[in-house]
Amino acid sequence: MYNILMTLILVISVLIIIAVMMQPSKTNDAMSSLTGGADDLFAKQKPRGFEAFMQKVTVVLGIIFFVAALALAWYSSK
């Protein structure tokens, strides 16, 4: 069971990294990250299409990772 949980956590970790890297960038240039992007303060829009899908995938993978980590901690404490 320990090996299965460790494998699950490793696979989910790689999938989370891929999901985060596939999300489109929200800033246009490096200067926006340094200044805080104040010019885009009122330009917030709800994510649609691919962005919304990738956000949902990332959240679901994060929840699965958290549950698997708790299960691994519980199993290894016995």
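Helices here are DSSP runs of H or I with at least four residues, strands are runs of E with at least two, and both are numbered from the N terminus. Hello everyone, and thanks for coming.

What you see above is a predicted model, where local features need a pLDDT of at least 70, side-chain atom pairs count only at pLDDT 80 or more, and totals for chains, interfaces and linings use all residues. Residues are numbered from 1 along each chain as its sequence is written, and side-chain values use heavy atoms, leaving out hydrogens and water.

Let's start with the layout. The protein chain has three helices and zero strands, giving the pattern α-α-α along the sequence.

How confident is the predictor? pLDDT is its confidence in each residue, from 0 to 100. The protein chain averages 83, and 74% of the residues score at least 70. Among the elements, helix 1 (residues 2-22) has the highest mean, 94, while helix 2 (residues 30-35) has the lowest, 59.

Now to helix 3, residues 50-76. Helix 3 has 27 residues and spans 38 Å from first C-alpha to last, close to the 39 Å expected; that expected span is 1.5 Å times one less than the number of residues.

Next, what is covered? I call a residue buried under 20% relative accessible area, exposed over 50%, and partly exposed in between, using a 1.4 Å probe and protein chains only. Of the 78 residues, 15% count as buried. In helix 3, the buried ones are Ala52, Met54, Thr58, Leu61, Ala68 and Leu72, and helix 1 is included in what covers them.

Which residues does Leu5 touch beyond its neighbours within four places in sequence? Contact means heavy atoms within 4.5 Å, and the partners are Ala68, Ala71, Leu72 and Tyr75. Leu5 sits in helix 1 and is buried, at 9% relative accessible area. Leu5 and Ala69 are 64 residues apart in sequence, yet 8.0 Å apart in space, C-alpha to C-alpha.

Val11, Val14, Leu15, Ile18, Met22, Phe50 and Phe53 make a nonpolar patch of about 640 Å². Patch residues have over 30% relative accessible area and no salt bridge; nonpolar side chains (Val, Leu, Ile, Met, Phe, Trp, Tyr) are joined within 5 Å, like charges within 9 Å. A salt bridge puts a side-chain nitrogen of Lys or Arg within 4 Å of a carboxyl oxygen of Asp or Glu. Areas come from the Shrake-Rupley method with a 1.4 Å probe, and for residues only the protein chains shown count as cover. Helix 1 gives the most to this patch, five residues. One of the patch residues is Leu15, which is partly exposed at 39%.

Technical notes: pLDDT is the predictor's confidence in each residue, from 0 to 100.
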